[in-house]
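Subject: Structure for you to look through, with notes

Hello,

I am passing on the structure we talked about, and below it you will find my notes on what was found. Please keep the model open beside the text while you read.

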Amino acid sequence: DPNDCSRTRQPFVLSNSLNFSLDIRIPGVIPTESDSYYCMAVPVPTSREAYIVDFVPHASMDTAHHMILYGCKTPYATQGYWDCGKELGTCRDQAKIMYAWARNAPPTKLPKDVGFKVGGDTRINYFVLQIHYGDAKNFRDHHRDCSGLTLRMTSKPQPFIAGIYLMMSVDTVIPPGKKVTNADIACTYTSSPMHPFAFRTHTHSLGKVVSGYRVRNGQWTQIGRQSPLLPQAFYSATNTIDVINGDILAARCVFTGEGRTTITQIGGTSNDEMCNFYIMYYMDNNRAVPYMNCRDEGSSELFQNIPSEANIPIPV
Ligand code: IYT
Ligand code: CU
Ligand code: CU
């Protein structure tokens, strides 16, 4: 089959003694239903430590809606690909998001001297690529899709380590018909200094706007603000700031319950909701913490001072 893209390319290319690239491509899928999710796993090609320094997406714009790259130790499967939309997940242990491509969004670039550390003792021994396909009508001609990413990697230790700080609400309840429900998340930051450079928002269809801030001495500085109805990629951070021990990280998702007849809670289906604000940052290599998360709702006193823009919807 000339369209079967699984065996036609070199997945691993060594550029010199330190640099290499790894191609991760879904092996020729034909989604039969709209809104399907397919996943595949690829082992990190070295047991030593290595760094991802660049992501090059290869997605067919007419079929792929979004792609996410995760890292973990135990993927759901190690051979072939699987339907990861419904009951089957991405990883059996904790999945760590590293990259997101979304149709019509600008691609995220890592700053110079910054890399995601994988392999070695990082507990990231596999990459899992997840692809969301939109309308199955695009596959009426039965062509096979081989969307994916090329990771540009190096064994050379990088001065700065990239990481993700995930802020998520676990307890939001959206009453039916209620015009505005805020989901608030806040934690005091207690680690070594981090430098946010990109952010991503995620809700399902009831989300209107999601904003994230650093709060220092009562002053709110925006890290990012976006409509979750726009492509859910990583966008550049609004301000070049650092986050240090004692700062507060705070985020708000604004939801509407209009159009629903029953309560909506946090959950995995499209009838449920999620409230996520992801911060992509870099830290000094020698004391880096590559993944952190915050699931606290913060105090209502704190959120009394959130900038009013956090409740102003972004037109889409
Ligand atoms: C309940 C919820 O909010 N789930 C989110 C956040 C989440 C991401 C990761 C939770 C865990 C994770 O290991 I990575 I536990 C959620 O599932 N978000 C989806 C993706 O899985 C990344 C999203 O598109 O943001
Ligand atoms: Cu999508
Ligand atoms: Cu979700």
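Asp35 counts as partly exposed because 13 other C-beta atoms lie within 10 Å; in this scheme a residue is buried if 20 or more other C-beta atoms lie within 10 Å of its own, exposed if 12 or fewer, and partly exposed in between, with C-beta atoms placed from the backbone. Asp35 is found in the loop between strand 2 (19-25) and strand 3 (36-43), where helices (H or I, at least four residues) and strands (E, at least two) are DSSP runs numbered from the N terminus. The phi of Asp35 is near 60°, a positive value in a residue other than glycine. For background, most residues other than glycine have a negative phi, and most peptide bonds are trans.

Before going further, please note that this is a predicted model, in which local features need pLDDT of at least 70 and side-chain atom pairs count only at pLDDT 80 or more, while totals for chains, interfaces and linings use all residues. Residues are numbered from 1 along each chain as its sequence is written, and chains are lettered from A and ligands numbered from 1 in the order in which they are written.

Asn104, found in the loop between strand 7 and strand 8, has a positive phi of about 70° although it is not a glycine, and with 9 C-beta neighbours inside 10 Å it counts as exposed. Asn217 takes a positive phi near 50° in the hairpin of strand 15 and strand 16, which has two residues between the strands.

Strand 15 (residues 207-216) and strand 16 (residues 219-226) pair in the antiparallel sense over seven bridges, where two strands pair if DSSP finds at least two bridges between them. Arg216 stands opposite Gln219 in strand 16. Arg225 also lies in strand 16, and it counts as buried because it has 22 C-beta neighbours inside 10 Å. Leaving out residues up to four places away in sequence, Arg225 touches Val209, Ser211, Thr238 and Glu309; two residues are in contact if their C-beta atoms, placed from the backbone, lie within 7 Å. Arg225 and Arg200 are 25 residues apart in sequence, and their C-alpha atoms are 8.9 Å apart in space.

Now to the domains. The protein chain is divided into domain 1 (12-158) and domain 2 (163-310), with bounds that come from an automatic or database domain assignment. Their centres, taken over C-alpha atoms, are separated by 24 Å, and the contact takes 15 residues from domain 1 and 13 residues from domain 2. Which strand gives the most to the side of domain 1 that touches domain 2? Strand 7 does, with five residues. By class, that side of domain 1 has eight nonpolar, four polar and three charged residues, where Ala, Val, Leu, Ile, Met, Phe, Trp, Tyr, Cys and Pro count as nonpolar, Asp, Glu, Lys and Arg as charged, and the others, Gly among them, as polar.

Strand 7 is mostly covered, with seven of its seven residues buried. Six bridges join strand 5 (residues 64-72) to strand 7, and the two run antiparallel; Leu69 stands opposite Tyr99 in strand 7.

Gln94 has its place in the loop between strand 6 (81-83) and strand 7, and it counts as partly exposed because it has 13 C-beta neighbours inside 10 Å.

Finally, the largest nonpolar core has 84 residues, and those with the most contacts inside it are Val128, Leu129 and Met280; such a core is a set of buried Ala, Val, Leu, Ile, Met, Phe, Trp, Tyr and Cys residues joined through C-beta atoms within 7 Å. The largest share of this core, seven residues, comes from strand 20 (residues 276-284).

Best wishes
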